[in-house]
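Please open the structure in your viewer and keep the selection panel at hand. The stops below are given in the order in which they may be selected.

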Amino acid sequence: MIISLRACSLGLCMIAANIPPVWGQATFWVVTSMNRYGQPAGLIEGSPGVFYSQAGSSTEAALSVTAQGSKVILATFPSGDNIQSLLVSGPNGRFYSIVELSDNPANVFSVGPAAGSKQVYAPQSFVPSLTQNLPDGTLLGVDSRSRQIFGIWSNPTWMVTSHQSVSFPPPTALRAPRSMRAMVITTGLLRRAPTPKAPATSSG
Amino acid sequence: MTPSGSFTQLYSFPSHTFLNYFVVPLLQASDGNLYGAIASAGANGTGIIYKLTLGGQYTPLYTFPKDNNSGPTWLIEGSDGNLYGATYGNLTAGGHSELFRLTKSGQYTLLHTLTDAACQCDLVQGSDGIIYGTAQGGGATGAGEIFALNVGLSKPAPHAQYFYPQSGPVSTQVRIWGSNLLSASVQFNGVPATTVSNSGSNYVWATVPVGATTGPITVTTPGGNITTHLSFTVE
């Protein structure tokens, strides 16, 4: 049995979230509808019940959304500037991505939990896509255009600190709406945290 | 690919497998295997989900039927060990996007049909156990939506794979890296850390408390706990 709450009010949403469905049931509800900044992409939970995403087509934004549907626009970019990868959380509580300004170069930018917290860092010589954070606190990225540069980005300057040239097989044409989607598969092994069967830990 | 850049080809897909469609990120699941989806492949050309071992053994798990609701665009592993995903659907042909569950043995269950929204949907399991996602279209204005899907999953268990530094005196701030670490508390060989702060679900910072002794670090969240095999050395 599937339960849908297409136009749920805040109260209904909270009820839906708090009632565990019977096994086999699924309860669906809309947390929030997008308006000015549409086509949301990516979702990471930065603190319990607070998710970070990006959205927009002609003009793009980074935003947060609570599980109850409250949206906060954290940063906006003028028309023509394109956010190139999904947000990735850093070790300092901020969220990072790449924005390609009207023309090259691209810049790393970050946002914090509060509106107006955008920081844009120095221009880069190529257009990378961030794919994930790493144990040492740096962020991993790939260049979706040259297909050969594997960048590692580091605090505090968020510039390339090292990179490797590898010979990826050339990707086929892709219809993905954001360039990062074309390249994540090449770093798929690193996208997700290692298995809990990793030898360093045991769960209790 | 290793951190030093050594590239190994695990499996070679036929030419044009990914042509003109979405590429779904690979997922490494709790069983150590890789799982992926190809939106336009399979016997029906409507998508498949496959398993790939780290040794390169490829196994198709599920072939989507020849209808207008297929085309997988996202895949995550839920806290129950099953795979959860979304399909794009052929909206122009009257199809719909779907949210589904797939067991690792290939049993498919339709969970929800998005009648007025369109994936490509990015899914994530929240710390409350609920699956959240983004839809590119739909919602009240047609500009997309963020949705939730409660299928009764437990809160995800924490995983702590790395900590740094691995030694230090009392008051050392230790960075722990893993996943599902929100709302964590930390113990150094059984002694609660004096301060603990989260930076997203992948990082926890914990300060070595007075009275701590050399031993493993235990991270506890509402989803469970995990203890490192490696010890933190108190100097």
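The model shown here is predicted.

Begin with B:Ser171, in the loop between β13 and β14 (173-179) of chain B. This residue is not a glycine, yet its phi is positive, at about 85 degrees. B:Ser171 counts as exposed because it has 11 C-beta neighbours inside 10 Å.

Next, select A:Gln39, in the loop between β2 and β3 (41-47) of chain A.

Return to chain B and select B:Tyr164 together with B:Pro165: the peptide bond joining them is cis, with omega about -5 degrees. B:Pro165 belongs to the loop between β12 (159-164) and β13 (167-168) of chain B.

Now turn to the largest nonpolar core, which has 77 residues. Among those with the most contacts inside it are A:Val31, B:Leu75 and B:Tyr132. Strand β2 (residues 26-33) of chain A gives the most to this core, contributing five residues. Centre the view on B:Tyr132: leaving aside residues up to four places away in sequence, B:Tyr132 touches A:Val31, A:Leu43 and A:Phe51, as well as B:Val124, B:Gly126, B:Ile146 and B:Ala148. A second, separate core has 20 residues, including B:Leu181, B:Ala184, B:Val186 and B:Ala193.

Finally, display chain A as a whole: three helices and 16 strands are present, and 42% of its 204 residues are buried.

Notes: Residues numbered from 1 in each chain as written. Chains lettered and ligands numbered in written order. Predicted model: local features only at pLDDT ≥ 70, side-chain atom pairs only at ≥ 80, totals over all residues. Core = buried A, V, L, I, M, F, W, Y, C linked by C-beta atoms within 7 Å. Buried ≥ 20, exposed ≤ 12 C-beta atoms within 10 Å, placed from the backbone. Helix = DSSP H or I, 4+ residues; strand = E, 2+ residues; numbered from the N terminus. Contact = placed C-beta atoms within 7 Å.
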